[in-house]
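Biologist: Please pick one part of this model and look at it closely. Tell me what surrounds that part, and then how the rest is built.

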Amino acid sequence: MLHEGKVFDLVGEDVRLDADDTEPVVREFLDHPGAVAVVALREGPQGEELALVDQYRHPLRAVLWEIPAGLLDVAGEDYLVAAQRELAEETDLQAGRWDVLVDYFTSPGGSNESLRIYLARDVTEVPEAERYERADEERDMTTRWVTLDDALAAVHEGRLHNPSAVVGILAAASARAAGWATLRPADAPWFR
């Protein structure tokens, strides 16, 4: 290990790229616990609306609009349970229906981070007495409802930049165009 961090570690490994290599090459990458994200949809007056949250991202020195998301930082926690937790913590929402929207690797050339994005529907508010008390970067988050069509336009116009939001919004629009037939069950395995 080259550096042990709070969220991820920087590691270096000797790798033989094929059986004929006499000397290994060094590959350095971020060792990441993985993450989940949620496209939470509800029916609004102008069609499907999704929940976006604003979050300060220090490396960019900017506040980005994102879909609710979080790390798989609870030992042994299931992806779906983590997604349900993150949706409740960041937006005070819960959902009655969960499907897998898309799985992806965020930056496979430099990180092993895997991310599963769920589609959450039948969305309701978490009862007041059961809400998570936000702290740190989550403390000042706000939730904004945007139509899926407006969010899709924001992606194409370059107004939304967070990769989970971009991937999730594009996947949700694609799934909707297919009549939601492309969705996988919430407990679908990862294909790696």
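**Around Ile-67**

Modeller: Set aside the neighbours within four places in sequence, and Ile-67 is in contact with Ala-37, Val-38, Val-39, Leu-50, Ala-51, Leu-52, Val-53, Ile-117, Ser-164 and Ala-165. Contact means heavy atoms within 4.5 Å. The model is predicted: local features need pLDDT of at least 70, side-chain atom pairs count only at pLDDT 80 or more, and totals for chains, interfaces and linings use all residues. Residues are numbered from 1 along each chain as its sequence is written, and side-chain values use heavy atoms, with hydrogens and water left out.

Ile-67 belongs to the largest nonpolar core, which has 28 residues. Such a core is a set of buried Ala, Val, Leu, Ile, Met, Phe, Trp, Tyr and Cys residues joined through side-chain atoms within 4.5 Å. Buried means under 20% relative accessible area, with a 1.4 Å probe and protein chains only. Val-39, Leu-50, Ile-67, Leu-101, Ile-117 and Ile-169 touch the most other members. Two or more residues each come from S3, S4, S7, S8, helix H2 (148-156) and helix H3 (163-177). H3 gives the most, with 7 residues. Helices (H or I, at least four residues) and strands (E, at least two) are DSSP runs, numbered from the N terminus.

In H1, 10 of the 13 residues are buried, so the helix is largely enclosed by the rest of the structure. At the start of H1, a side-chain oxygen of Asp-78 comes to within 2.9 Å of the backbone nitrogen of Leu-80. Just after H1, Asp-92 takes a positive phi of about 60 degrees.

S4 also pairs with strand S5 (residues 62-66): 5 bridges join them, and they run antiparallel. Pairing requires at least two DSSP bridges. Gln-55 stands opposite Leu-64 in S5. The hairpin has 4 residues between the strands, and Arg-61 there takes a positive phi near 55 degrees.

Now the whole protein. There are 3 helices and 10 strands. Buried residues make up 44% of its 192 residues.

Terms used:
Buried < 20%, exposed > 50% of the residue type's maximum accessible area, 1.4 Å probe, protein only. Polar contact = N/O pair within 3.5 Å; in protein donor to acceptor, adjacent residues only side chain to side chain.
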